[in-house]
Amino acid sequence: MIRKTLLTAAATMALATSALAGGHSKDIVDTAAGAGDFSTLVAAVQAAGLVDTLKGDGPFTVFAPTDAAFAALPAGTVEELLKPENKDKLVEILTYHVVPGKVMSGDLVDDMKAATVQGSEVTIDLDSGVMVDEATVTAADIEAENGVIHIIDTVIMP
């Protein structure tokens, strides 16, 4: 089951790679910005002042919510988080989506815990596909020059 899930994720990643062409020669921020489905995430990273960090040496593993994932949050949530007075909360949420180091899908073990940059841990579940907390990984192992991106369908909260 896990092998099938990883093969499915690899096939999905191969399809996503065409959308993220040249991603390996770009950093995480530029890879996400060039993909076209992460405009909300990129705007949030900019509002939180994390662009330089995520363009840094890394390596980083980013669980990247799509625009649809942000749109699924309660009405007004994103707009509130993007306000300057809510920068600390936005940083907390975004850094919960980042794990230090480069964690590829082949490194995952069922029910493993991974420490996030925010300070809490996310739980990886492999029983029904690859899950990070309550988010499903829809594409995995999208490499950037300073880490890896795994696309998720839900914004996870610390």
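Q: Which glycine has the positive phi in the hairpin of β3 and β4?
A: Glycine 119, with a phi near 115°. That hairpin has 5 residues between the strands. Strands are DSSP runs of E with at least two residues, helices are runs of H or I with at least four residues, and both are numbered from the N terminus.

Q: What kind of model is this?
A: This is a predicted model, in which local features need pLDDT of at least 70 and side-chain atom pairs count only at pLDDT 80 or more, while totals for chains, interfaces and linings use all residues. Residues are numbered from 1 along each chain as its sequence is written, and side-chain values use heavy atoms, with hydrogens and water left out.

Q: Back to β3 and β4: how many bridges do they pair over?
A: They pair over 4 bridges, in the antiparallel sense. Two strands count as paired if DSSP finds at least two bridges between them. Alanine 114, for one, has valine 122 in β4 as its bridge partner.

Q: Which side chains of β4 are buried?
A: Val122 and Ile124, which point to one face of the strand (residues 121-125). Buried means under 20% relative accessible area, exposed means over 50%, and partly exposed lies in between, using a 1.4 Å probe and protein chains only.

Q: What order do the strands take in the sheet?
A: The sheet is open, has 7 strands and runs β2-β1-β7-β6-β5-β4-β3, with mixed pairing. The edge strands are β2 (98-100) and β3 (112-115); each has a single partner strand, so one side of each is left without a neighbour in the sheet.

Q: What holds paired strands together in general?
A: Strands of a sheet pair through backbone hydrogen bonds, either parallel or antiparallel.

Q: How do β4 and β5 run, parallel or antiparallel?
A: Antiparallel, joined by 2 bridges. Aspartate 125 is bridged to methionine 131 in β5. The two strands form a hairpin with 5 residues between them, and glycine 129 in its turn has a positive phi of about 85°.

Q: And how many bridges link β5 to β6?
A: There are 2 bridges between β5 (residues 131-132) and β6 (residues 135-144), again antiparallel. Methionine 131 is partnered with threonine 136 in β6, and valine 132 stands opposite alanine 135. The hairpin has 2 residues between the strands, with aspartate 133 in the turn at a positive phi of about 50°.

Q: How many residues of β6 are buried?
A: 7 of its 10, which leaves β6 mostly covered. A hairpin of 2 residues joins β6 to β7, and this antiparallel pair has 5 bridges. Alanine 139 stands opposite isoleucine 151 in β7.

Q: Why is β7 described as largely enclosed?
A: 6 of the 6 residues of β7 are buried, so the strand is largely enclosed by the rest of the structure. Gly147, Ile149 and Ile151 lie on one side, Val148, His150 and Ile152 on the other. With β1, β7 pairs in the parallel sense over 6 bridges. Phenylalanine 60 has glycine 147 in β7 as its bridge partner.

Q: Which helix lies across β1, β6 and β7?
A: Helix α2 (residues 28-35), which runs at about 35° to β7. Axes are lines fitted to C-alpha atoms, for helices over the stretch in contact, and angles run from 0 to 180 degrees between N-to-C directions.

Q: Which residues are buried in α3?
A: Thr40, Leu41, Val42, Ala44 and Val45. They pack against α2, α4 (51-54), β1, α5 (67-71), α6 (77-81) and α7 (87-95). Contact means heavy atoms within 4.5 Å. Just after α3, glycine 49 has a positive phi of about 75°.

Q: Which backbone nitrogens does its side chain reach?
A: Those of valine 29, at 3.0 Å, and aspartate 30, at 2.8 Å. A polar contact is a pair of N or O atoms within 3.5 Å; within protein, one must be able to donate a hydrogen and the other to accept it, and residues adjacent in sequence count only if both atoms are side-chain atoms. Not counting residues up to four places away in sequence, aspartate 27 touches Leu54, Lys55, Ala144, Glu145 and Asn146.

Q: Last one: where is alanine 71?
A: In helix α5. Alanine 71 counts as exposed because its relative accessibility is 64%.
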